[in-house]
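Morning, everyone. Please keep the sequence open beside it.

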Amino acid sequence: MKLRHLRGLLALFAMMIAGCGDDPGHPMSTMAPRSDLASWCYGMFMEITAWDLLIFVIVIVAFILAVFFFSTRVGEAGPPTSVSSDLKLEIAWTLGPALILLFISIPTVRLIFRTQPRTPAANSLPITVVAHQWWWEFQYDDGSKVMTANELHIPANQPIHLSLVSNDVIHSFWVPRLGGKRDVVPGQVNQIDLIATVPGEYYGQCAEFCGVSHANMRFRIFVDKPDDFAMWEKSQAEPSVTPAEETPASRGARVFANSPCTTCHTISGVSKGYVGPDLTHLASRTTIAAGVLANNPKLLTQWIEHPDEMKPGARMPDFGLGGDELNDLVAYLESLK
Ligand code: CUA
């Protein structure tokens, strides 16, 4: 093997493991589980990989031994042309691989049973996840009536019961560090039960092609310490803030109230609309446009001006707002803590 071949192989190996490290460089690594569900998936992967490695080594050793001890040298008589008459050998090499496959399927089957929908634990937090083209809606079904978009907060070390429904086409809910992906299918309620173990920010991504902005259908899960979560949920349950009079935000509130935005977006105490994300506490979120853009006045302005340029296929139309009106609207939206 030449040196450049070796370098190529090493580069290939590095590429293969590049997505698999621990934080902070690999926010979507499945190799750094932070929930019971993700740990089971990772455990299954490692168990099967270990068995596969053992089988690989056995096969390679057998192959090398065969090459050295059973090959024909120049001038020697060749081996018999056929061994098909050896019935025992035939049975052995059919049955052997079948048994190996059966054996390494055990961890998979065990994981399937472990992750089947079950009666949620009494202390679990029920959340409905609604997938839309191309964003995620989260409804807290614990009586708080909190609704948010693209950024889900959950408490650490408490069972979470997610009910997944779709508003349009098939999507797939996937947060690699918190668990395996699960499809979100119209007309069906799929479920995920998990307990997140480590507070932090985890990246999610729609994992089923669902149209032009499928790749832009991202989300985040914030695993909070229980006290922080309680505070967050309490503040989210509050109605939206009313800006002080004669400020850009108060003028922006009037722009919003008189705009077509109210048909699609809910702002608690101001408007009711269920086509787009609930904006009651928009300013408390770190991102906009389904995790694609940072939530700051500059990008929010560009997003309202040219939704389709920022996110192809975006369902939000460009209403031609501009100038002071747009600046005031953005000031209002960014005041909605
Ligand atoms: Cu939703 Cu892909």
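**Strands, cores and a helix pair**

Start with β1 and β2: they run antiparallel, and 6 bridges join them. Helices (H or I, at least four residues) and strands (E, at least two) are DSSP runs, numbered from the N terminus. Two strands pair if DSSP finds at least two bridges between them.

Before going on, the ground rules. This is a predicted model, where local features need pLDDT of at least 70 and side-chain atom pairs count only at pLDDT 80 or more, while totals for chains, interfaces and linings use all residues. Residues are numbered from 1 along each chain as its sequence is written, and side-chain values use heavy atoms, with hydrogens and water left out.

Back to the strands. A hairpin of 2 residues links β1 to β2. Across that pair, Ala131 stands opposite Trp136 in β2. On to β3, residues 147–149: 3 bridges join it to β2, and the two run antiparallel. Glu137 has Ala149 in β3 as its bridge partner. This is a hairpin too, with 6 residues between β2 and β3. In its turn, Gly143 has a positive phi of about 95°.

Is β2 mostly covered or mostly open? Mostly covered: 5 of its 6 residues are buried. Buried means under 20% relative accessible area, exposed over 50%, partly exposed in between (1.4 Å probe, protein chains only). Now look at Gln139, also in β2. Gln139 has a relative accessible area of 24%, so it is partly exposed. Beyond its neighbours within four places in sequence, Gln139 is in contact (heavy atoms within 4.5 Å) with Pro126, Ile127, Thr128, Val130, Val146 and Met147.

Next, the cores. A nonpolar core is a set of buried Ala, Val, Leu, Ile, Met, Phe, Trp, Tyr and Cys residues joined through side-chain atoms within 4.5 Å. The largest one has 32 residues. Which residues make the most contacts inside it? Trp136 and Phe173. Elements that each supply at least two residues include β1 (125–132), β2 (135–140), β10 (218–224) and α5 (226–237). The largest share, 4 residues, comes from β1. Apart from this core lies another, of 22 residues, with Ala253, Trp303, Met310 and Ala314 among them.

Now the sheet. It is open, with 3 strands in the order β4-β10-β9 and mixed pairing. β4 and β9 (200–205) stand at the edges with a single partner strand each, so one side of each has no neighbour in the sheet. From one strand to the next, the twist averages 25°. β9 and β10 pair in the antiparallel sense over 6 bridges. Glu201 sits opposite Phe222 in β10. Helix α5 packs on the sheet, touching β4 and β10, and its direction makes about 130° with that of β4.

Last, a helix pair. α6 (residues 248–257) and α10 (residues 323–333) pack at about 105°, with axes 7 Å apart. Axes are lines fitted to C-alpha atoms, for helices over the stretch in contact, and angles run from 0 to 180 degrees between N-to-C directions. The two helices are therefore roughly perpendicular, a term for angles of 65 to 115 degrees. Among the contact residues are Ala253 and Phe256 of α6, with Leu329 and Tyr332 of α10. The buried residues of α6 are Ala249, Ser250, Gly252, Ala253, Val255 and Phe256. Their cover includes α7 (261–264), β11 (265–267), β12 (271–274) and α10.

Terms used. Angles under 35 degrees count as roughly parallel, over 145 as roughly antiparallel, 65 to 115 as roughly perpendicular and the rest as oblique.
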